[in-house]
2 protein chains.
Amino acid sequence: MGPHDGSVQGVQRSPAEEARTLVAQCATAALATLGEDGAPWSSLVALAATADGTPVLCLSTLAEHGRNAARDARASLMVAAGPALDRGRVTLAGRLEAPTAPEIEAARSPYDGFPDFTYYALRVERVRWVGGPGRMAWVAPADYHAAQPDPVAPSAAGAVAHLNADHAHNLLDMARALGGHPDARAAACTGIDRYGLDLRVETPKGAEPVRIAFAERVDAPDGLRAAAVELARRARGATVES
Amino acid sequence: MGPHDGSVQGVQRSPAEEARTLVAQCATAALATLGEDGAPWSSLVALAATADGTPVLCLSTLAEHGRNAARDARASLMVAAGPALDRGRVTLAGRLEAPTAPEIEAARSPYDGFPDFTYYALRVERVRWVGGPGRMAWVAPADYHAAQPDPVAPSAAGAVAHLNADHAHNLLDMARALGGHPDARAAACTGIDRYGLDLRVETPKGAEPVRIAFAERVDAPDGLRAAAVELARRARGATVES
């Protein structure tokens, strides 16, 4: 498929980066543990993660999942960007073990020091990322740990809202000059990450998803604005020249 | 504890009603299934429920959870009002079985008819509700199935926002006349259900949670307004008389 067929193009976060970003962003997760009879048990837990993405939990020994974890170390965590099935989520599976002191330090719980709470680190053995319909991948645990969470993820939703509210004309310039749709009638931003923008472009043939890459990867949490301004200037220049 | 000590008072939804309401309201859930080696696997699934609260799932036989369900029927579903730990959630556990035709009808999936999707009904054997810190209960499966979902739950968030935006004076009347805090300085609504309102009341001694019961249980989805108006009039009358 070519650059002008409307499919999403350009550099994007890898599945490993998507998985690390989800785990870094989400404060809770769905934990699956095993009951005394080996049956599964699904529960909501607070989630923290160390610098290499190791999930650290603090479980009450009085709760079902705490008793399960103490009895059988096998566990799985599902972290979702939201409740909808078209949003990203990742399942991690492995074994719950006692965290190291630095791991506890990195994931200090509000229940720290309570006698009936125990810290666990999930030693990750399997990682399955699902980005939405048709977007999914198994990720090697080493790749998961080596990947970086996207530093702009925490500000992405605000940036998308701002671009759509105040910069619709810039998005249209981008769709026309950089997105392969010179006949675009309108464009809305549907996502943003360290590598670029996702646009939904209204064309004479209908709506098309378009990926617009930043000139350079954004490496700082506050770097989105400069990258978007550079895109807007480049698109405006190309539009004026044409 | 008496009616004026600031603790939440009055008729409230039972844990069974809370559980049924959560399952009726949520379109997705976290499913825990068992892998070939008996290890747990946590995943996001679309959730529908029949009239008696039986959860019905439609799983891809190509996905990990679909293969797990076909191999071992034991499963658990966790349904959460939101990602935060201070919100309600419920865990159901039991066995995945072939649904009856009426059950499928009640929970028709967008994937209906796709060859690689299979419907399952969860036969509920255990129900654990957690409302937030210190609020939790085991619910007998028969009580879960017999309970009604709260008909006003879908409009509750909008009603809370409206009361706080436009009726702060009525909430203050309620806190003073009906909530046992004649010295209240302000009141905000923190929740609403078919049985009444939850207020956060600012008193000279600090903030206090207060429960204000409706005169009658609300039985229709659009019955919240009339019940709140009755409360406001009753509170205003008592304030004027005093």
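Biologist: Let's start with strand 10 and strand 11 of chain B: how many bridges join them, and do they run parallel or antiparallel?

Modeller: Strand 10 of chain B, residues 196-203, is joined to strand 11 of chain B by 8 bridges, and the two run antiparallel. Keep in mind that this is a predicted model, where local features need pLDDT of at least 70, side-chain atom pairs count only at pLDDT 80 or more, and totals for chains, interfaces and linings use all residues. Residues are numbered from 1 along each chain as written, chains are lettered from A and ligands numbered from 1 in written order, and side-chain values use heavy atoms, without hydrogens or water.

To see one of those bridges, find Gly196(B): its bridge partner in strand 11 of chain B is Ala213(B). Strands here are DSSP runs of E with at least two residues, helices are runs of H or I with at least four, and both are numbered from the N terminus. Two strands pair if DSSP finds at least two bridges between them.

Now step back to the whole sheet. In chain B, 3 strands make an open sheet in the order 9-10-11, with antiparallel pairing. Strand 9 (186-193) and strand 11 (206-213) of chain B are the edges, each pairing on one side only. Ignoring direction, neighbouring strands of this sheet are turned by 25° against each other on average.

Next come the helices. Helix 5 of chain B, residues 153-166, packs on the sheet and touches strands 9 and 10 of chain B (contact means heavy atoms within 4.5 Å); the helix direction makes about 165° with that of strand 9 of chain B. Such angles run from 0 to 180 degrees between N-to-C directions, with axes fitted to C-alpha atoms, for helices over the stretch in contact. Helix 6 of chain B, residues 168-177, lies across strands 9, 10 and 11 of chain B, running at about 90° to strand 9 of chain B.

These two helices meet each other as well. Helix 5 and helix 6 of chain B pack at about 95°, their axes 5 Å apart. That makes helix 5 and helix 6 of chain B roughly perpendicular, a label that covers 65 to 115 degrees. Look for Leu163(B), Asn164(B) and Asp166(B) in helix 5 of chain B, which meet Ala168(B), His169(B) and Leu171(B) in helix 6 of chain B. By class, this contact between helix 5 and helix 6 of chain B has 3 nonpolar, 2 polar and 1 charged residues. Ala, Val, Leu, Ile, Met, Phe, Trp, Tyr, Cys and Pro count as nonpolar, Asp, Glu, Lys and Arg as charged, and the others, Gly among them, as polar.

Key: Parallel < 35°, antiparallel > 145°, perpendicular 65-115°, else oblique.
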